[in-house]
Amino acid sequence: MSENLDDLYRDIIMEHYKYPRGKKRLEDPDVTSEGKNPVCGDEIEMKLKVNQNRIEDISIDCLGCAISVASGSMLVDAIRGKSITEVRRIASAIKAILKGEKPDEDLELGDLEALEGVKKFPVRIKCALLSWTTLIEGLKNWENGKKNEVITTE
Ligand code: ZN
């Protein structure tokens, strides 16, 4: 983790890294999605309970660098209880922010704004995106009737 991230961003990221949300056992998930980022060695396993097109519950187990773990932890706070449509909107906004673009919509991103600091470190963008890619691919699989998939981010 670079020392150049703005202090505020760094504090938020480190707090999520130390106390990641969503690290628990989730029984009988509707979707299991695994993501790997070979560039950094980050690995994530995500489980979702989906009810009436809402993310009812989520667990994330991420082994990796501070940014990948923090991003996954923020994701848990951001999407629990949200509809799949809202989740996709948030994921698009995160991608935009990391590419240095303005998100299409005005969303309340909370701690997720801390990820904006990562855009200055291109090699770290994949770390920050891993949990979001794993989530979106997992939802795609769920819609296609698949329950488990291993996703390797490119
Ligand atoms: Zn990483």
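User: At what angle do α1 and α2 pack, and how far apart are their axes?

Analyst: In this predicted model, α1 and α2 pack at about 85 degrees, with their axes 8 Å apart.

User: What makes α1 roughly perpendicular to α2?

Analyst: Angles from 65 to 115 degrees count as roughly perpendicular. The angle here is about 85 degrees, so α1 is roughly perpendicular to α2. From α1, the contact is made by I12, I13, M14, H16 and Y17. From α2, the residues taking part are A66, V69, A70, S73, M74 and D77.

User: Why is α2 described as largely enclosed by the rest of the structure?

Analyst: Buried means under 20% relative accessible area. Of the 14 residues of α2, 13 are buried, so α2 is largely enclosed by the rest of the structure.

User: Which residues of α3 are buried, and what covers them?

Analyst: The buried residues of α3 are I84, V87, I90, A91, A93, I94, A96, I97 and L98. Their cover includes the strands β2 (42-51) and β3 (54-63) and the helices α2 (66-79) and α4 (122-143).

User: Is S83 buried or exposed, and how do you know?

Analyst: The cut-off for buried is under 20% relative accessible area. S83 has 15%, so S83 is buried. S83 lies in the loop between α2 and α3. Apart from neighbours within four places in sequence, S83 is in contact with N53 and R54. S83 and N53 are 30 residues apart in sequence, while their C-alpha atoms are 5.7 Å apart in space.

User: Why is N53 called partly exposed?

Analyst: N53 has 45%, so N53 is partly exposed. N53 is found in the loop between β2 and β3. Phi of N53 is near 60 degrees, a positive value in a residue other than glycine.

User: Why is Q52 called exposed?

Analyst: Exposed means over 50% relative accessible area. Q52 has 72%, so Q52 is exposed. The place of Q52 is in the loop between β2 and β3. Although Q52 is not a glycine, its phi is positive, about 50 degrees.

User: Which class does K49 belong to, and why?

Analyst: K49 has a relative accessible area of 22%, so K49 is partly exposed. K49 lies in strand β2. Leaving aside neighbours within four places in sequence, the contacts of K49 include L26, E27, D28 and P29. R54, I55, E56 and D57 are also among the contacts of K49. K49 and A66 are 17 residues apart in sequence and 26 Å apart in space, C-alpha to C-alpha.

User: What makes C40, D42, C65 and C127 donor residues of the zinc ion?

Analyst: Donors to this metal are N, O and S atoms within 2.8 Å. The zinc ion is coordinated by SG atoms of C40, C65 and C127 and by OD atoms of D42, at 2.2 to 2.7 Å, so these atoms meet the cut-off. In sequence the donor residues are spaced C-x1-D-x22-C-x61-C. D42, in strand β2, and C65, in the loop between β3 and α2, link distant parts of the chain, 23 residues apart. Both D42 and C65 are buried.

User: What is in the largest nonpolar core, and which element gives the most to it?

Analyst: The largest nonpolar core has 42 residues. L48, I58, I79, L112, L115, W132 and L135 have the most contacts inside this core. Two or more residues each come from α1 (7-18), β2, β3, α2, α3 and α4. α4 gives the most, with nine residues. Leaving aside neighbours within four places in sequence, L135 is in contact with M46, L48, L75, I79 and V87.

Key
Residues are numbered from 1 along each chain as its sequence is written. This is a predicted model: local features need pLDDT of at least 70, side-chain atom pairs count only at pLDDT 80 or more; totals for chains, interfaces and linings use all residues. Side-chain values use heavy atoms; hydrogens and water are left out. Buried means under 20% relative accessible area, exposed over 50%, partly exposed in between (1.4 Å probe, protein chains only). Helices (H or I, at least four residues) and strands (E, at least two) are DSSP runs, numbered from the N terminus. Contact means heavy atoms within 4.5 Å. Donors are N, O and S atoms within 2.8 Å of the metal (3.2 Å for Na, K and Ca); water is not among the atoms, so sites may look incomplete. A nonpolar core is a set of buried Ala, Val, Leu, Ile, Met, Phe, Trp, Tyr and Cys residues joined through side-chain atoms within 4.5 Å. Axes are lines fitted to C-alpha atoms, for helices over the stretch in contact, and angles run from 0 to 180 degrees between N-to-C directions. Angles under 35 degrees count as roughly parallel, over 145 as roughly antiparallel, 65 to 115 as roughly perpendicular and the rest as oblique.
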